[in-house]
Amino acid sequence: MFAPLLALIQQEQETRNSGQVWLIDSFPVALAKQGHRFNACVAKELADAGYCSTRKLYYHGVRVHIIGSRQPGSLPIPEYIGVTGASDQ
C-alpha cells in the first residue's frame, strides 16, 4: 500500500508544487509483545505478527505510514497517514 501511495503523491504534487519537499516515516505500533502476541485478540481484522529490527522485537500490531510536507523551522504537516498490518513492510 505504501509504495503505490507514494507514487500517486509524487505524480499529483509535481503539477501543484514542484519545489515541495516530502518527509516519509513508518513506525510500528505494538498491541502485544513477545510471547503474548500468539494469544492477542486486539484488532484481528488489521493487526498481525511482525518484527521490528530496530528494537529487535517480535510483536502483534500494526505499522503506521506518514507522508508530510516539510515546513522550515516547524514540524512537518501530515498529508497522508496509512495503517497496515505489522507484516507489511
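This is a predicted model: local features need pLDDT of at least 70, side-chain atom pairs count only at pLDDT 80 or more; totals for chains, interfaces and linings use all residues.

Biologist: What makes a pair of atoms a polar contact?

Modeller: The pair must be N or O atoms within 3.5 Å. H65 has another polar contact, of 2.9 Å, with the side chain of S26.

Biologist: Where does H65 lie?

Modeller: H65 is part of strand β3.

Biologist: Is H65 buried or exposed?

Modeller: Look at the relative accessible area. Under 20% means buried. H65 has 3%, so H65 is buried.

Biologist: Now the partner. Which strand holds S26?

Modeller: S26 sits in strand β1, which covers residues 22-33. Its relative accessible area is 24%, so S26 counts as partly exposed.

Biologist: Which residues does S26 touch, leaving out those up to four places away in sequence?

Modeller: S26 touches R63, V64 and H65. With R63 there is a side-chain polar contact of 3.1 Å. With H65 the side-chain polar contact is 2.9 Å.

Biologist: How far apart are S26 and R63 along the chain, and how far apart are their C-alpha atoms?

Modeller: They are 37 residues apart along the chain, and 6.7 Å separates their C-alpha atoms. Read both numbers when you study a fold.

Biologist: Tell me about R63. Which strand is it in?

Modeller: R63 belongs to strand β3, residues 57-69.

Biologist: What is the nearest side chain of opposite charge to R63, and how far away is it?

Modeller: That is D25, 6.8 Å away. A salt bridge needs the charged atoms within 4 Å. R63 has no salt bridge, yet R63 is buried. Its side chain does make a polar contact with the side chain of S26.

Biologist: Next, the rings. How many aromatic pairs does the structure hold?

Modeller: It holds one. Y51 and Y58 form this pair, with 4.5 Å centre to centre and 45° between the planes.

Biologist: Why is the pair of Y51 and Y58 called tilted?

Modeller: Planes under 30 degrees apart count as stacked and those over 60 as edge-to-face, so the rest are tilted. At 45°, the pair of Y51 and Y58 is tilted.

Biologist: Are Y51 and Y58 buried, partly exposed or exposed?

Modeller: Y51 has 36% relative accessibility, so Y51 is partly exposed. Y58 has 42%, so Y58 is partly exposed as well.

Biologist: What about V83?

Modeller: V83 is found in strand β4, residues 77-85. Its relative accessible area is 39%, so V83 is partly exposed. V83 and V29 are 54 residues apart along the chain, with 9.8 Å between their C-alpha atoms.

Biologist: Now step back. How many helices and strands are there?

Modeller: The protein has one helix and four strands. From the N terminus, the order is α-β-β-β-β.

Biologist: What share of the protein's residues counts as buried?

Modeller: Of its 89 residues, 28% count as buried. The accessible surface of the protein is about 6100 Å², and 55% of that belongs to carbon and sulfur atoms.

Notes
Residues are numbered from 1 along each chain as its sequence is written. Side-chain values use heavy atoms; hydrogens and water are left out. Helices (H or I, at least four residues) and strands (E, at least two) are DSSP runs, numbered from the N terminus. Buried means under 20% relative accessible area, exposed over 50%, partly exposed in between (1.4 Å probe, protein chains only). Lys and Arg count as positive and Asp and Glu as negative; His and the chain ends are not counted. A polar contact is a pair of N or O atoms within 3.5 Å; within protein, one must be able to donate a hydrogen and the other to accept it, and residues adjacent in sequence count only if both atoms are side-chain atoms. Rings of Phe, Tyr and Trp (its six-membered ring) pair if their centres lie within 6.5 Å; planes under 30 degrees apart count as stacked, over 60 as edge-to-face and the rest as tilted. Accessible areas come from the Shrake-Rupley method with a 1.4 Å probe; for residues, only the protein chains shown count as cover. Contact means heavy atoms within 4.5 Å.
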